[in-house]
Amino acid sequence: MKTLDTLDWICIAFYFLILVGIAIWIIRKKQNNTEDYFLAGRNVGWFVVGASIFASNIGSEHVVGLAGAGAGNKLPMLIYEIQAWVVLILGWVFLPFYARSGVFTMPEFLEKRFDARSRWVLSVFSIIAYVLTKISVTIYAGGIVVSALLGIDFWTGALSTVVLTGLYTVVGGMRAVVYTETLQAIVLVIGAAALTIIGLDHVGGWESMKETVTPEYLNMWRSASDPEFPWPTLFITSTIVGIWYWCTDQYIVQRTLTAKNIKEGRRGTIFGALLKLLPVFLFLIPGVIALTLKMRGELEWDTPDEAFPVLMSNLLPSGLRGLVAAGLLAALMSSLASVFNSCSTLFTVDIYKKLKPDTPEKKLVRTGQIATVIVVVIGIIWIPIMANISGVLYEYLQKVQSYISPPITAVFLLGIFHKRINAQGAFITLITGFVVGAIRIILELVKGSLDPNGFLFKLGDMNFLTFGAWFFLFCVILTIVVSLLSKAPSEEKVENLTFNTISEEEKNNNKNSYNWIDILVSVLIIAIVIGVMILFNGK
C-alpha cells in the first residue's frame, strides 16, 4: 500500500478544520434543555435530515464491509444496500404516527401505544444492540481504515478516532451531529464516486470487469437451496431487518424527529432514500474492482475487508487520495457520533428520567453525556469477541441484526396496523424475542463444542437468513395470540396511533403534508431499486 503524501495530508487537515469550525459554531449555541440537546430543537430542514440519515447509515463498516462483500463472493449482501424503498416506508407510513405522538424516542412511542413495560424492554434491548452491532463494528472497521491509511497500529487508530468523535458529540449534542454529518455525507460521496470512476476506467470498464470475475459472480439471486444465501429467505429477512433499522430504530428515526414538521421529515426520508441508492456504486463496485485487479495480479490484499483501503491507496492520485481518506474518516465519525447520541438519548430519556422524573433539564443533558462515555468503553471491550462470529465484517453485522430485529419489527408493524394488538402481546414478544436472539448468538459462538446431531447444534448452525424468517413468523403469531387471549387496549391507547383510529383532522393534516413531486420522486426511487435488482442477475 502507498502511504499518504503531503498533499493528501493538506486535504485531510482542511477537512478537519471545516469540521471543527462547524462543531464550534454549534457548541456556542445554547443547549439548556433536552429538546435542544437530543433533537436539535426540532427545527431542522429536509436537506439536513436526508443527508444525516445517509451519513448515519454509511459508516466505515459499510465502506470496509460492503467492499469486502463485493471482493469476497458475498454479492447477495447487496440486497441490504438497495433498501431505499424501506426508507420510504419510514416517511410515508411510520413518521406520521411518531410525529403525532410527540415522542423523543422509539421506546417512548411503545409506552404511548402499549405500556411502560415495553418501553423498558426496548430501551435496554436497543442499548445492548448498539454495543453488539453499531459501536463495536464501527470502531473495529475504523481501526482497519485508520491503521491502513495512516500506517499506525489498529488500536491506536480505533481509539483516537473514538475520542475525537466522542468529544464533539458529548459537548455539541444532536445539532452538532446532524450538521457535521451533512458535510461528511458530501465528502464521502465525492471521494467514493471518484474511486469508482477511476477504478472502472483502470480495469477497462464494466464489461471487462465482468469478463474477469465472470457474470455468475455478479448474481445477487442464488437458488433457494444455496447454503449461504437462499434467495427467498434473503429477501424476507433483509426486509425484516430493513424495517427494524430504517423505521423503528432510534439511530435513524431520531434524525426525522429533528425536522420542523411532518412535511420536512418526510422529504428528508425521500432525500435519504435517494442517497441510499448510492452505496451499491460507491462501495460494493470498488470491492469487485479490487477483486478484478487481484485476479489479474495487479493488486494484493490478505482479507476482503482490506479491499477498499488497498484499492484507494494504489489507484488514486495524490490529493484525491487524501480526500477519500477524509471521506472514510468522515464515515467512521458520522456513524459513531450518531450512535453515541442515540445511546445517550435512550438512556437519559427512557431510563434515567423514568427513574427520576423531577431531574432538572441541565442535569439530564449532563447524564446523557456521561452515558455516552460508558457505552463507548463497553463497545471497545466487545471488539475482540465479535471478531469470532464472522469472517466478513458486513456479514457479521447482518447476522446479529437478523437475531435482534424480528421481535421489534413484529411489535411495531402489528401495533400501528391493528388496534387489537395490546400491551401484553407486545411485552411477551419483546421479552421472548430478546431471549431467543441471545440464545442464537451464544449457540453460534459455541456450536463447535455441541453434538452435531442435537437440536441445539441445529439451532446454532441454521442459516442466519432462514432463522430470521422463521423467527419473525414466530414473533408475529406470538403477538397476535397473546393479544387475542388478553384484554383489548383502551381507546386512549390507540387514538391516532393505529391506521384504524386516525381522526379526520389528522388524516387531512397528513394529506396536506405532501404533493405530487414527493409521490413522483418516491415512485422513481422504487423503479431504480427494481432496476438494480434486475442488473445484478448474473447474465
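A residue counts as buried when its relative accessible area is under 20%. By that rule, 61% of the 539 residues of this protein are buried. The model you are looking at is a predicted one, so please read every value below as computed from that prediction.

**The overall picture**

Welcome to a protein built with 23 helices and zero strands.

**Helix 3 and helix 12**

Helix 3 covers residues 46-57 and helix 12 covers residues 262-276; their axes come within 7 Å and cross at roughly 45 degrees. That angle makes helix 3 oblique to helix 12. The crossing of helix 3 past helix 12 is right-handed. On the helix 3 side, the contact includes Trp46, Phe47, Ile53 and Phe54, while helix 12 brings residues including Glu264, Arg267, Phe271 and Lys276. Sorted by class, this contact of helix 3 with helix 12 holds eight nonpolar, six polar and three charged residues.

**Helix 13 and helix 14**

What is the angle at which helix 13 and helix 14 pack? Helix 13 (residues 279-295) and helix 14 (residues 307-315) meet at about 75 degrees, and their axes are 9 Å apart. The two helices are therefore roughly perpendicular to each other. Leu282, Phe283, Pro286, Ile289, Ala290 and Leu293 of helix 13 make the contact with Ala307, Phe308, Leu311 and Leu315 of helix 14. The contact of helix 13 with helix 14 consists of ten nonpolar residues, with no polar and no charged ones.

Phe308 sits in helix 14, and its relative accessible area of 1% makes Phe308 buried. Setting aside neighbours up to four places away in sequence, Phe308 is in contact with Val63, Ala67, Leu195, Leu282, Phe283, Pro286, Val324 and Leu328. Phe308 also lies 6.2 Å from Gly287, C-alpha to C-alpha, although 21 residues separate the two in sequence.

**Thr233 and Asn463**

Thr233 belongs to helix 10, residues 231-248. Beyond neighbours up to four places away in sequence, Thr233 touches Ser238, Leu465, Thr466 and Ala469. Asn463 is found in the loop between helix 19 (455-461) and helix 20 (464-484). With residues up to four places away in sequence left out, Asn463 touches Pro227, Glu228, Phe229, Pro230 and Arg440. How many residues apart in sequence are Asn463 and Thr233? They are 230 residues apart, yet the distance between their C-alpha atoms is 9.4 Å.

**Accessibility at a glance**

| Residue | Relative accessibility | Class |
|---|---|---|
| Cys11 | 26% | partly exposed |
| Cys247 | 0% | buried |
| Thr233 | 14% | buried |
| Phe308 | 1% | buried |
| Asn463 | 15% | buried |

Cys247, at 0%, is buried.

**Disulfides**

A disulfide is a covalent bond between the sulfur atoms of two cysteines. How many disulfides does the count give when the rule asks for cysteine sulfur atoms within 2.5 Å? The count comes to zero disulfides.

Technical notes
Residues are numbered from 1 along each chain as its sequence is written. This is a predicted model: local features need pLDDT of at least 70, side-chain atom pairs count only at pLDDT 80 or more; totals for chains, interfaces and linings use all residues. Side-chain values use heavy atoms; hydrogens and water are left out. Axes are lines fitted to C-alpha atoms, for helices over the stretch in contact, and angles run from 0 to 180 degrees between N-to-C directions. Helices (H or I, at least four residues) and strands (E, at least two) are DSSP runs, numbered from the N terminus. Angles under 35 degrees count as roughly parallel, over 145 as roughly antiparallel, 65 to 115 as roughly perpendicular and the rest as oblique. A crossing is left-handed if the near helix is turned anticlockwise from the far one by less than a right angle, and right-handed if clockwise. Contact means heavy atoms within 4.5 Å. Ala, Val, Leu, Ile, Met, Phe, Trp, Tyr, Cys and Pro count as nonpolar, Asp, Glu, Lys and Arg as charged, and the others, Gly among them, as polar. A disulfide is a pair of cysteine sulfur atoms within 2.5 Å. Buried means under 20% relative accessible area, exposed over 50%, partly exposed in between (1.4 Å probe, protein chains only).
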